[in-house]
Each structure stands twice: as structure tokens, then as C-alpha cells.
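Biologist: I have not looked at this one before. Can you put it up and walk me through a few spots?
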Amino acid sequence: MKTALDFSDIDGGMLAEVGGKAANLGELTRAGLPVPPGWALTTEAYHEVARAAGLDDVIATGGPGLAEAARTRLLAAPIPEAVARSIREAYTTLSKTAHQDAAPVAVRSSATAEDLPFASFAGQQDTYLNVVGADDVLDAVRRCWASLWTDRAVAYRDSNGIDHASVRLAVVVQVMVDARTAGVLFTANPLTGRRHEAVIDANPGLGEAVVSGAVNPDRFVVDAASGEILDRHAGDKRLTIRALPGGGTERVESAHDGFCLTDEQVRDLAALGTRVEDHYGAPQDTEWAIDADGKLWLTQARPITTLYPLPETTRQGLRVYFSINVAQGVMGPLTPMGLSAFRLLSSGAAGVFGYGPARARDGAAFMFEAGERVWLDVTTAMRSRMGRAIMPRALLMGEARAGAVLTDLFEEPRFSVIHTSRRPFFRAVAHFARRVHAPKRLFQALTRPDRAIGYTKRMGDELDRRLRVPGSATPVQRLDHAERVLSGAFPVIVSLMPIAIAGYGLFALASKLSGLSMSDMQDVLRSVPNNPTTEMDLELWALATRIEPEPFRNEPVSELVRRFKAGELPPKAQRGITAFLDKYGHRGIAEIDLGVARWSEDPTHILGVLANYLRMEGGADLAPDALFARGAAEAEAAVARIVAAARRKGALRGAVARFGLRRTRMFAGVREMPKFYLVKTLAAVRRSLLVVGEHLVTTGVLDAADDVFYLRIEEARSALDGGDLRATVIERRAAYERESRRRHVPRIVLSDGTEPEALAAPATEGALIGSAASAGTVTGRARVVLDPVGAHLEPGEILVCPSTDPGWTPLFLTAGGLVMEMGGAMSHGAVVAREYGIPAVAGVPDATHRIVTGQEITVNGAAGTVTIIEADAPDSEDEDTARDEPAASPA
């Protein structure tokens, strides 16, 4: 392989050998985009130097000193003569191309672990600008190699699960553009998620001022399709970075009135961004420069890694998607088999309303996948009168924030009502009522409540019968059973809902009769019976009161798990835990995904809870059973209070209110039963599929039984005929792991990428105003830091600083939020904050003086506001201490 390659020699297939920026620039050059001439030093050159420096031994040793040790070795290692000669020759050729004896160049790092689908690694390695002369280029190349081992780069790789030994680094050398104006361009709005909405930050001079967050730049938002400039915001542009004659750069304090780009230049930039995005087929984060002649140059392109992927659909018009994962509190992804299960479940759900798909495994027409999570298309409901009436109310109990976001969307002309007929709604409701025998269940709940509760128990027994699979069942029969059970689960389980609805309907009636709001009546719903989740918790507490306290008080949970699995716990504990798991072992963390292990498989959580119970200090009044009993007594007192209020308006009102609230308390807990039975169904299917997985291991298709959960159910069926799916499983496990690290999942997302919740966030009165940089809201104690060297953040503290460059990012690992005096939405701090899911606000004037360490503040990253809740810092800290010495701003 050549050591130095011209961009035109590089194709995308050499990404692993050349590095992200180099391969990108090679593609863009051949695509006819305006990229400055340059060449790339391949990763083989770095690898040769790393071998000579003994870097493999340093990496193997690891430890907290890894970054410094590796960096020192690389800086001290001589550049091999052949590599040095290749660099000199390439630099001479590049200088001739630029018609200069010694062309000023930018020397930029390009790591193989950069610009990945899940992490951009923006700014983690170093760039050297305006380097002049072959010797200086050689020195800059050496320092680029060493920058693969800065503390920030090592920490970033650790946090993203990248193997240090697998990473190499190429070096990109470009002719410097004599930039009069430069900056960054995102081809999709990174704050709202809206695709094809270009966001441009611009500043006079070199783009480093914008990228590093050292300046408040001009910002433009452009509709890329029409070229319409939607928003303009002039920054103060107080700093300009300029190239010096003979090499190097200088920072100059400056003042610029107005904007540094004309409208025509803004539109040209947006059009260039569209060409780059079209070339790569995905939104891009680019850097650009405009030279003294007004020519526009593209200096870098990388994917935007923080945008949430959109559901793929052929449906026309703007669509609205609602996250089932967020609604269920499962922020992580689902396994492929878990997604298959949801498709089957959704088919059954659609069938209950008369809209089932032709094939159950295809899923309901309203279900979509994106980011390995489940989304529902609620557009039709949003654009109908009945949907608007019902959806916010339906979401009020379980997902109130989503309901509020949808209500705001009702005001948008793009989502005006187009479905005015009520007939489809009532037809669907009638179909549902027939399938689940709703009139019968409601009547029974009102007149024979004990029979209604008895039905919920009998249905559980019936479900257990349906879930049994004979031990002699073949893998094909198990897959048939899984599909049949999952597609039929919803109609069976949802038949309980009329009983729970009766309870809540009577609760609303009691509110009207008494004249009290339902929010004033919430105590009625405390400690309700017939709730399987509450019953489970109380049983676990009761178990803790019966079992032997040792070894739970002294031994680590891992040892308790080992002893339980080996049958070595004391007799009462061994028997009690086994009985508990026999009854509740189908539950687990992220239990809506049948690909996830249950407590019966991994009892670590249960044993940990028991250990905590047995270590509890305090009186008996803090015990869960005592708290439950106290809640039940308070509920009875609330019932008496509400009945008395209704009776004051008439004796009949009081009698009906008492009747209704008694039923409410009896039936409110039933709302937990459908999910309880659903999770039991998923656990039973999981057990059966593990047998299928074991069969596929014996036939050489898979390596481990639980690999079956990284197949779709139809793939598992095909795999019974043989083949080798181990590579597929490895790839999918890696994709699942990447998605598990995603820090932000929107509640609602539109098909154009917009996250309405980010747009709807209101500014708080009296707040410090900056620029929205990373969506989210956090409240915590502030930590003002002027220099990252030696600074320390307690987990959850909010970092307040002048600006950030890559040297600050190790602090992000523990920061709960970020406030910067400088920078914009596209500055380095904002980009990394979004990747870490840290709420951030940029461009807050005088933030490090207006906020003092120790104050409690709220950062609203979507609204761009910072609110000081606690006006004074703790008395124990004076002004100097509160600002984390040293007090001088970094140069």
C-alpha cells in the first residue's frame, strides 16, 4: 500500500485503512465537490511507528496511565525513513499544485474509530492549522499520531466501548484555504431533529473559532428545499482566528456588526450541504470556508450521529409517531425476537378493533420500528375529531407529557382535522366490545364485583393452560405455538380492561357527585387490593421477615447468587426464594422484551432487594407492609371525606358516591393485571424459544441458545433447515449494544425528524438566556470551572464554564448538565453534550460570574435557558473557592 495517497486515490472501501476524513474527502473530490487539494498518510504508517514504539505492550498493560504512556512513546519514536521521505515528497507535490514553494497546510487527524454510526468522536484528536515547511509537517504528523492517545480520546473510546488496540490513525493534509469566513453546516437541525433544515454557524477568519466554541457565531437556519432563510441570529463574533505569514495562527479580539454572510452565501451553503447529504444518503456535519475570492470550499464531512433514526414508511404526508418504549420506561432497544413479538401482539390488538393484518407476523399497519424500538403511527387519530378527544385523555394517566405534546400539535395547520365522520370510530369500538364481551364485564363489575374479580383470577389460570408446551414438542411446534400465543394474547388479556374501566368511570362519577376534582381524590387510589405488582412487593418483604438474616447482611450479592444457584443458602431462604421465583420469576428488567433474561434466570436483583431489606435500619413503621396498611387507612378516610361532600348535596348523591368509590378501590388494581399476564406470556414464549435455540446450537446454526433472540421469528423457522447464522447474530448483537448506548430517545417524533417536545419547551421567566444546545432538562448543583486541568465534578453536578474544547470532555462523563458562555449549537461542547445526552445551553453571557459553585440551577437545553433556583451558594464556599482555582481563564 502507498504511504501517502492523493484524495483521488482513495475510495470509501478503504475506510478502515485510511481513516474517516480521508475516505470522505476522496469521495467528495471525485464527486466534483469543492474540496481543497490534499493527501492522506495511511494508517499503515501509524501502525509502523506504533510497532516500533512498543505500543502493543503499553495497551496490554492499560491502567490509568495508559494515555500518557502511549502518547510519550509515540512522540519519542522516530519516523521511519521511508515514511518521512513519502511525506516530504507528497508535501512537495502538494506545494506545486498550490503554486507555492512551501504551501501552508492543515494537518488533521483521521482515526478509524471516528465518524461511527453511534459516535462522531468530534474533536477527540488534534488538528494543526497553517503548517508551513516539510519539517513542520513531519512534526505535526507525529503530534497527530500522538493525539490518538490524549486523555479525552481514551476516555471517549472507553465510554463508547471501543477497543484501544483496534484503533489506528491516518493523517489528512490539505492546502489551507485563505478563509475570510468559515464555520460549520449541519444538513439537518441537530436540536429539533428536522431533516433538510440546514443550520449554519459562521464567523470571520478560520473555522476553528466556531468549532472549538470560542466565539458566539452568526447562526442561520435554512429550508434546504426552498432556500428560504427561516431564522437569522447575529453573534457578537468577538474573536477571529487568522493564519500568520510563515505558519501558525493568532487569535484576535474583534468586533463585527451585522452578519458575516450574505443571504446568497447562506443559500449557496445550504445547497452545498444538500449535495453532500445526497452523496452520502444521510445527514452530514460539515465544515466549510469562503476564501478571499468568494469561493466556497468544503473542508470536512462526517455523519450526524445524534439524530434519532426515523421509521421507514411509504405513507404520504407528514406523520406522527409515538414511542412505546418511552411510554413503557424501556429506553433501551428491543432484541430482534422482541420486535417480532411486538408485531404479533400488535396484529392481535388491531384485530380486536377489526383492522387485523392479513399475516399476523407482519404486525399492525400502525406499528413501526426505528432505532430497534417500537413506534405507533398516531397520525390518523390526531387528524380525527374523536382521536383528538380521546388520545390526550387516554395518555393522561400513563404518559401525560406525550399527551401535552400531541395537544400542542393539534394547533398546527399541518395536522388539521380531515377525518370528521364518527362512524369508523364507533364501528371499531363496537367490534372491540363484542370481542372482549365488554357489556357483560361492565355489568358484572357493577352488580357482582366478587365474580368480576374471580374472572380475573380464572383468566390467569386459563392463560397458564394456554402457555404450556409439552416437553416432547418439536422446534417447529414450539415456533407455531409462540406465534399462535403471541398473536392471540391481546384479545384475551385486554378482556380485563372493562373491569378496570368500570372502576375509573365510577371514580369520575364520584368526582362529579362530590364537586371535588379527581386530583383532590387521589388518596382513594392508595394501597388498592387486587394489584399483582403490589402483592408481589409485599410477598417479597414478607419473605425477608421469615428467612435467615445471614448471609444476606454480610456477603456480596454475587456470592448470594452463586450460593442460591448451587442450593447452598440456608433452608428457609432457599425454599422461600425458590417459591417466590416460581410465582414471579417471569418478571425482570425491560420485561416487555422477550429477549431479556427473567428473574428466574438471573435472580441477582431479587437477592439484592432481600439483602437491602435485611440491612434496613429504622422502626417498623418504615416497613413496606406498614406503609401499605397506612395507605389503605388514608384511602378509607378519603372515601369518607368524599362521601360526606357528596352527601351535603343530597343523600342519594352520597350513597352513589360511596358505592362508586368502593368499586373503584376494588377494581383500580386490575389495571396492572393485563401487563402482568402479558409479561407472563412473553416469559413462557422465551422459555420455549430457548429450547429452539438449543436445537439450533446442536445443528451448528448458532453458538449459544440465547442467540435465537437475535433472529426474527421467521428467521428462526428458516434456520431449522440448516445454515450458519453466527455472523448475523454477531452483527446484530453489536447493533443492539450500540443502540443500548443511545442517550436520547424522543417521546414523539415526526416523519421529517422533528421532535416536537424540543420545539414546545417554554422559556422560564427570569432565566438566563442562551442558545439551545442539547435538549433535556436537569436540576442540580452548579460547578463553575475556568480551567479543566485538575478540575473535579461530582456525579450530577452541572458544569458551568467559559467554553469547551476537546480537553474538557472527560468532565462530561460525570456532568449532569452543561452551561457555556461561548459557543453555539454546532460548537464542540454542544455536539459532545448531545452525544452524552447531557442537557446543555451555550452562549450564556457572563455565566461564570452570574452563577456560583454550589448554587442549585435548572438547565433547559431545549429552551436555551438556565434558571438559578438557589440564589446564594452554600456559606462554606467563598467566591474564590466557588470558582475552582485557578481563576484565570485559559488562553
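Modeller: Start at Trp808, in the loop between strand E21 (798–801) and helix H31 (809–812). Helices (H or I, at least four residues) and strands (E, at least two) are DSSP runs, numbered from the N terminus. This is a predicted model: local features need pLDDT of at least 70, side-chain atom pairs count only at pLDDT 80 or more, and totals for chains, interfaces and linings use all residues. Residues are numbered from 1 along each chain as its sequence is written, and side-chain values use heavy atoms, with hydrogens and water left out.

Biologist: Is Trp808 buried or exposed?

Modeller: Trp808 counts as buried because its relative accessibility is 4%. Buried means under 20% relative accessible area, exposed over 50%, and partly exposed in between (1.4 Å probe, protein chains only).

Biologist: What does Trp808 touch?

Modeller: Not counting residues up to four places away in sequence, Trp808 touches Val785, Leu786, Asp787, Pro788, Leu799, Cys801, Pro802 and Ser803. Contact means heavy atoms within 4.5 Å.

Biologist: Switching to ring pairs. How many aromatic pairs are there in the whole structure?

Modeller: A search finds 10. One of them is Phe580 with Tyr584, a tilted pair at 5.1 Å centre to centre and 45° between the planes. Rings of Phe, Tyr and Trp (its six-membered ring) pair if their centres lie within 6.5 Å; planes under 30 degrees apart count as stacked, over 60 as edge-to-face and the rest as tilted.

Biologist: Where do Phe580 and Tyr584 lie relative to each other in helix H23?

Modeller: Phe580 and Tyr584 are about one helical turn apart, because four residues separate them in H23 (residues 571–584). Both are buried. Ring pairs also link them with Phe676 and Tyr677 into a cluster.

Biologist: Next, helix H22. Which of its residues are buried?

Modeller: In H22 (residues 557–565) they are Leu560, Val561, Arg563 and Phe564. Seen down the axis, these fall within an arc of 165°, so they line one face of the helix. The arc is that of the directions from the helix axis to the C-beta atoms. The face turned away carries the exposed residues Ser558 and Lys565.

Biologist: What covers the buried residues of H22?

Modeller: The cover includes H23 and helix H24 (604–615).

Biologist: Last topic, the six-stranded open sheet. What is the strand order?

Modeller: E9-E8-E7-E6-E12-E13, with antiparallel pairing. Strand E9 (229–233) and strand E13 (296–303) are the edges, each pairing on one side only. Two strands pair if DSSP finds at least two bridges between them.

Biologist: How many bridges do E7 and E8 share?

Modeller: Strand E7 (residues 195–204) and strand E8 (residues 218–223) pair over six bridges. The bridge partner of Asp201 in E8 is Arg219.
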